[in-house]
Amino acid sequence: MKTIVLLMAILCPFGADLMAQKKKKTEVMEIEKKPLVENKIDSASYAFGLSLAKDLKGRGLKKLNAQAVAKAIEDVFNDSTLLMQESEMMESIRTVLTEAADELKKKQMAAGVQFLEENAKREGVHTTASGLQYEVVRQGTGPKPSSESDEVTVHYKGTLIGGKVFDSSYDRNETISFQLNRVIKGWTEGVQLMPVGSHYRFFIPYDLAYGERGAGNDIPPYSALIFDVELFKINGQ
């Protein structure tokens with residue numbers, strides 16, 4: 001009997017500790033489950049954070065000090081003494097964004113060059129003097145556009161070299177019409193190679209696409225692109 005009492009006396013403190021730890025863990029889990037966006041200010045605050053982070057990530061920035069970001073926001077909204085002058089702020093931002101842009105440029109250009117070099121070796125891929133590459137998926141028998149001012153009607157799908165689709169008229173189930181002098185250089189040149197009724201696949205270097213700026217959030221700067229294009233008609237003919 002004394003042995004049992006002694007054993008219980010020894011185990012009780014450990015049991016109490018385990019119960020306390022379990023309770024604490026449960027409380028933490030309950031806090032983590034609490035919604036972050038409970039009201040419109042919470043929602044807007046999170047949305048501002050998302051917008052800022054996506055924009056900066058799209059510019060090539062790989063990380064931020066979230067605590068420093070939060071500190072800056074609190075200082076401004078609380079009218080506290082700021083840790084940086086306006087000139088220091090602008091110089092700091094300019095420095096990291098320039099470095100990020102340079103790194104992104106090198107990475108995107110290298111990826112595009114490597115892809116196009118390998119792609120040019122594939123059977124059926126043709127390369128023009130400008131560096132545009134194309135592959136005939138289906139050869140039509142109609143006339144070719146003869147001028148950059150010609151307006152054409154096409155279906156198309158655009159992808160990054162990694163395979164991500166960034167735009168598609170097929171998905172919208174609606175063809176598009178445009179003048180050849182109002183699109184990227186790769187299209188202006190490439191579509192003039194196509195007889196009506198053709199389906200070509202274009203592999204476009206960044207300088208014949210959206211260049212050093214890219215386009216929106218979906219096409220990074222210096223991106224080589226792939227377009228599938230079906231030419232249905234030359235409008236007005």
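1. A residue counts as buried when its relative accessible area is under 20%. Ala 224 has a relative accessibility of 6%, so Ala 224 is buried by that cut-off. The model discussed here is predicted.

2. Ala 224 sits in the loop that joins β6 (199-204) to β7 (225-234). Beyond its neighbours within four places in sequence, Ala 224 is in contact with Gly 112, Leu 116, Ile 161, Ile 204, Pro 205 and Tyr 206. For one of these, Pro 205, the separation from Ala 224 is 19 residues in sequence, while the C-alpha to C-alpha distance is 4.6 Å.

3. Strand β6 itself is mostly covered, with five of its six residues buried. Strand β6 pairs with β7 in the antiparallel sense, over six bridges. Within this pairing, His 199 stands opposite Glu 230 of β7. Strand β6 also pairs with β2 (residues 133-138), again in the antiparallel sense, here over five bridges.

4. The loop between β1 (125-127) and β2 contains Thr 128. Thr 128 is at 18% relative accessibility and therefore counts as buried, the cut-off being under 20%. The side chain of Thr 128 makes a polar contact of 2.8 Å with the side chain of Glu 189. If residues up to four places away in sequence are set aside, Thr 128 touches Tyr 134, Glu 189 and Leu 193.

5. Nine aromatic pairs are present in the structure. In the pair Phe 178 and Trp 187, the ring centres are 5.2 Å apart and the planes stand at 55 degrees, so the pair is classed as tilted. The angle needs a cut-off to be read: planes under 30 degrees apart are stacked, those over 60 are edge-to-face, and the rest are tilted. Phe 178 counts as buried, at 10% relative accessibility, and Trp 187 is buried too, with a relative accessible area of 6%. Ring pairs join both residues to Tyr 156, Phe 166 and Phe 227 in a cluster.

6. Helix α2 covers residues 40-58, which is 19 residues. The N-terminal end of α2 is capped by Asn 39, which has a side-chain oxygen 3.1 Å from the backbone nitrogen of Ile 41. Just past α2, Gly 60 adopts a positive phi of about 105 degrees.

7. On the overall layout, the protein has six helices and seven strands. Their order along the sequence is α-α-α-α-β-β-β-β-α-β-α-β-β.

8. Some totals for the protein follow. The protein has 237 residues, and 28% of them count as buried. Among contacts with a separation of 6 or more, 67% are between residues 24 or more positions apart. The protein exposes about 16,800 Å², of which carbon and sulfur atoms supply 57%.

Definitions and conventions
Residues are numbered from 1 along each chain as its sequence is written. This is a predicted model: local features need pLDDT of at least 70, side-chain atom pairs count only at pLDDT 80 or more; totals for chains, interfaces and linings use all residues. Side-chain values use heavy atoms; hydrogens and water are left out. Rings of Phe, Tyr and Trp (its six-membered ring) pair if their centres lie within 6.5 Å; planes under 30 degrees apart count as stacked, over 60 as edge-to-face and the rest as tilted. Buried means under 20% relative accessible area, exposed over 50%, partly exposed in between (1.4 Å probe, protein chains only). Helices (H or I, at least four residues) and strands (E, at least two) are DSSP runs, numbered from the N terminus. The expected span of a helix is 1.5 Å times one less than its number of residues. A polar contact is a pair of N or O atoms within 3.5 Å; within protein, one must be able to donate a hydrogen and the other to accept it, and residues adjacent in sequence count only if both atoms are side-chain atoms. Contact means heavy atoms within 4.5 Å. Two strands pair if DSSP finds at least two bridges between them. Accessible areas come from the Shrake-Rupley method with a 1.4 Å probe; for residues, only the protein chains shown count as cover.
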